Structure formats: structure tokens, C-alpha cells
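The entries follow in the order I made them.

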Amino acid sequence: MLIGVQKESFAQTTVAYSGMTSITCPASPTATISPNVSGLTFSQITRGGGVACNSFATGINGSGFTSATAAIALAANKFYTFNILADATTSFTVSQVVIYSSVSAVNGITCDLQYNIDGGGNTSLGTFTPTTTGTAFTFTPGSSIPVSSSESINFFIVPYGGSLAGTTCRILNNTSITVTSSVIPTTFTSIQTGLWSDGSTWV
């Protein structure tokens, strides 16, 4: 009898959102999400129900970000969100998130990047302050965030603190997430007959 374990690991992959273009509200733009990672499903970036829709040529856009704190904005559904779902045979970790963002005018908007696992409590990865020029804001957790099979990690980009409700905040093309995935170990058993000391006799 031969008992073994198979585990296939994958190299670290950076998955980017690109190709978002202008839309007709209340639609959200559809991004090209690539490259594909086997066993993982990456959602589109969407607006929370409290965000007023605006169109933009290179990203998803909205307004109404005047909440005093991120907690108030989150409760009012004033955020952008996306998620990554693992299938039943795949687990993964997240080691970096890069958010490209800009605003239509600088008037106090700060963004809080948060995540949760399978709808649990949110954890903040930090804040950033976008300007009128599209800029990359990089977040690298102290240790990679683990996500088990059949679970999802849900990200929330929560703009708040603006002084004018009409100021827009955008999440732009080239926003990306770096993941490392692996297949759950599979145990297999093989029953052989023959002399243990002589593999040529096994059948």
C-alpha cells in the first residue's frame, strides 16, 4: 500500500483591472480582469448603494462622499467594493493591493481601504488621499492575508470627509491585487502487490 499527498502551488500573480471606460449611469463600467488565476473568481468593482453615479473615461466614478468618518460612510453604503472568491479546492493569500485613484477636486476626501473575510468584521489596511492626478496607492500587509477554500475576501474603498457632495472620487484602471494560490492537498492511496523490496514485481 502506498499513501501519498499531492499539492500543487502556484507562483505569485498580480491581477489587474483595466479597460474601464465611460458608461451611462446608473451602470458600472466593466473591467478586463487579468491574468486569470485558476480556482479564483475576481468580481468587478461596483459602487455601494449610497454612491451617486458619475461617468469617467478610465475608471468607476461617483460622488456624495461627505461623511465625517469612514465608519459613517460604510454604514451609509458610500464605498466602492470588489471581492475574490476561492473555489472548493483552492486557497490563497493576498500580499499587496494597489489602488489607482483620483478626485475631481481636492476638498478633503480621504479613502480608507478595508477588507473582510466572508462577511466578517472589517479590517483597515490604511488610508490614502487622492488628488486630481491619477496616482497609485500601494498597501502591503505586515503578513499576507490568508483566505481558505470556498471563502471570499471582500474589499471596500471608503471615501469620506469631502466638503462638497458633488466632488467625485474615482477608482481607476490598473488597480491590482497580488495573490498566491494553492490547491488543497489531496491524499491518495495505491494498493500494490509484489515484493516490497523489488519494485519491478509491483502490479
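I count a contact when heavy atoms lie within 4.5 Å. The model is predicted.

**Entry: T89**

I started with T89. I found T89 in the loop between β8 and β9 (90-103). Is T89 buried, exposed or partly exposed? I read a relative accessible area of 44% for T89, so I noted T89 as partly exposed. Next I listed its contacts. I left aside neighbours within four places in sequence, and T89 is then in contact with S149, S182, V183 and I184. I also checked T89 against P185. The two are 96 residues apart in sequence, yet 8.6 Å apart in space, C-alpha to C-alpha.

**Entry: aromatic pairs**

How many aromatic pairs does the count come to? I got seven aromatic pairs. I looked up F79 and F156 among them. Their ring centres are 5.1 Å apart and their planes stand at 90 degrees. Planes over 60 degrees apart count as edge-to-face, so I logged F79 and F156 as an edge-to-face pair. F79 is buried at a relative accessible area of 9%. F156 is buried too, at 13%.

I went on to Y115 and F155. Their rings are 6.5 Å apart, centre to centre, with 50 degrees between the planes, and the pair is tilted. Y115 lies in strand β10 (residues 110-117) and F155 in strand β14, so the pair ties together parts that are 40 residues apart in sequence. I noted both Y115 and F155 as buried.

**Entry: cysteines**

How many disulfides does the count come to? I found one. C25 and C53 form a disulfide, with their sulfur atoms 2.0 Å apart. I read the torsion about their S-S bond as about -80 degrees, so the disulfide is left-handed. C25 sits in the loop between β2 (13-18) and β3 (32-34), while C53 sits in strand β6 (residues 52-54). The pair therefore ties together parts that are 28 residues apart in sequence. I noted C25 as partly exposed at 36% relative accessibility. C53 is also partly exposed, at 22%.

I then checked C111. I use a cut-off of 2.5 Å for a disulfide. C169 is in no disulfide. C111 is buried at a relative accessible area of 0%. C169 is buried as well, at 0% relative accessibility.

**Entry: D112**

I ended with D112, in strand β10. Which side chain of opposite charge is nearest to D112? I found K78, 16 Å away. D112 is buried yet has no salt bridge. I looked for polar partners next. The side chain of D112 makes a polar contact with the side chain of Q114 at 2.9 Å. I also listed what D112 touches, not counting residues up to four places away in sequence. The list is A70, S124, G126, T127, F156, I157, V158 and Y160.

Terms used:
Residues are numbered from 1 along each chain as its sequence is written. This is a predicted model: local features need pLDDT of at least 70, side-chain atom pairs count only at pLDDT 80 or more; totals for chains, interfaces and linings use all residues. Side-chain values use heavy atoms; hydrogens and water are left out. Rings of Phe, Tyr and Trp (its six-membered ring) pair if their centres lie within 6.5 Å; planes under 30 degrees apart count as stacked, over 60 as edge-to-face and the rest as tilted. Buried means under 20% relative accessible area, exposed over 50%, partly exposed in between (1.4 Å probe, protein chains only). Helices (H or I, at least four residues) and strands (E, at least two) are DSSP runs, numbered from the N terminus. Lys and Arg count as positive and Asp and Glu as negative; His and the chain ends are not counted. A salt bridge is a side-chain nitrogen of Lys or Arg within 4 Å of a carboxyl oxygen of Asp or Glu. A polar contact is a pair of N or O atoms within 3.5 Å; within protein, one must be able to donate a hydrogen and the other to accept it, and residues adjacent in sequence count only if both atoms are side-chain atoms.
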